[in-house]
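Reader: I have a structure open and want to learn how to read it. Can we go feature by feature?

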Amino acid sequence: MLDLGRLRALHAVSVHGSVGAAATALGYTPSAVSQQIAKLERETRTTLLERSGRGVRLTDEARQLAGTARQLLALVEEAEVRLEERRGLPAGRLSIGCFPSAARGLMPRVLADLAVRHPGLDARLTEVDPHLSVDLVARGVLDLAVAHDWDIAPLPAPPGVEQAVIGDDGCDVLVHREHPLAARRSVRREELADERWISQPPGTVCHDWLERTLRATGVEPRIVHQAEENHTQVALVAAGLGIALVPRLGRGGLPPEVAPLRLDPAPTRRLHALWRAGAARRPAIRETVRTLQELWPSIAAAA
């Protein structure tokens, strides 16, 4: 009899590409995941992982077994959904993926609220890029994702994934207090044509939005510094090294050297909750989405 926990470990390695990443997703140590795989190799009398440089790769037999594991885990999820649905109460483990600024500015209140009202629910949070989180939900690695898109860059949801709007997050252009525009309340995109920009790296939603928006005005953006964390971008602006478009959620207070300006027309990013259609009946999913939507107005107002 194959052990489901060991199959789950193999499936996680196949999805995430490494033992370390699989351990992070499962909430285990890399050593624990390696031990699970080693036991599964002994049970099946099959080599499942092979060394490849500094990492590992799945053998052909492992890929076949991981596909079967995915099917079994889907059946287990269906059974869990039915049991939880019959009880009518959110319970069990709920893995949530969330982009960093929402993990900082939104999820602490949401998770705390769920913990108080539903002690049987074991909600676990992982920071992840919005585009990656949608794919992880579709593949069954995450139960729920909080992601975002922009007005000119919608977030695509693959077949089998449902979504609900949480709310809209505003953004500001941040400039140094000594910048010529610092005394203004708002600025138009065309006025920022020659600015030195601080942005997230290419491939991220925010970077893509900035490039598309400025190019739509006939301007090729001059991105001189790249930083994933919004707090790092704020620090670079405070040092007078450029300007940045930074969302309000999770941004926190600004240092005295930084002035926020409204961009006209105002950009917004929309937050979404996403989950697999097969888990839509699960009370844990429904209650978490409801809590996100209920708490969002006060969190957005504070931001």
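Reader: In which sense do strands β8 and β9 pair, parallel or antiparallel?

Author: This is a predicted model. In it, β8 (residues 196–199) and β9 (residues 222–226) pair in the parallel sense. Four bridges link the two strands.

Reader: Which residue stands opposite arginine 222 in β9?

Author: Arginine 196 does.

Reader: Now helices. How are two packed helices described?

Author: By the angle between their axes and the distance between those axes. Take helix α1 (residues 4–16) and helix α3 (residues 30–44). Their axes come within 9 Å. The crossing angle is roughly 115 degrees. Angles of 65 to 115 degrees count as roughly perpendicular, so α1 and α3 are roughly perpendicular to each other.

Reader: Is the crossing of α1 and α3 left-handed or right-handed?

Author: Left-handed.

Reader: Which residues of α1 and α3 meet?

Author: From α1, look at Gly5, Arg6, Leu7, Ala9, Leu10 and Val13. From α3, look at Val33, Gln36, Ile37, Lys39, Leu40 and Glu43. By class, the contact of α1 with α3 holds seven nonpolar, two polar and three charged residues.

Reader: What about α1 and α2: how do their axes cross?

Author: The axes of α1 and helix α2 (residues 19–26) come within 8 Å. They cross at roughly 120 degrees. Here α1 passes α2 in a right-handed crossing.

Reader: Which residues make that contact of α1 and α2?

Author: α1 supplies Arg8, Ala9, Ala12, Val13 and His16. α2 supplies Val19, Ala21, Ala22, Ala25 and Leu26. The contact of α1 with α2 has eight nonpolar residues, one polar and one charged.

Reader: Next, the backbone. What phi and what peptide bonds do most residues have?

Author: Most residues other than glycine have a negative phi, and most peptide bonds are trans. Now check arginine 45. Its phi is positive, about 55 degrees, although arginine 45 is not a glycine. Find arginine 45 in the loop between α3 and β1 (49–52).

Reader: Is the peptide bond from aspartate 264 to proline 265 cis or trans?

Author: Cis. Its omega is near 0 degrees.

Reader: Where is proline 265?

Author: In the loop between β11 (258–264) and β12 (268–276).

Technical notes: Residues are numbered from 1 along each chain as its sequence is written. This is a predicted model: local features need pLDDT of at least 70, side-chain atom pairs count only at pLDDT 80 or more; totals for chains, interfaces and linings use all residues. Side-chain values use heavy atoms; hydrogens and water are left out. Two strands pair if DSSP finds at least two bridges between them. Axes are lines fitted to C-alpha atoms, for helices over the stretch in contact, and angles run from 0 to 180 degrees between N-to-C directions. Angles under 35 degrees count as roughly parallel, over 145 as roughly antiparallel, 65 to 115 as roughly perpendicular and the rest as oblique. A crossing is left-handed if the near helix is turned anticlockwise from the far one by less than a right angle, and right-handed if clockwise. Contact means heavy atoms within 4.5 Å. Ala, Val, Leu, Ile, Met, Phe, Trp, Tyr, Cys and Pro count as nonpolar, Asp, Glu, Lys and Arg as charged, and the others, Gly among them, as polar.
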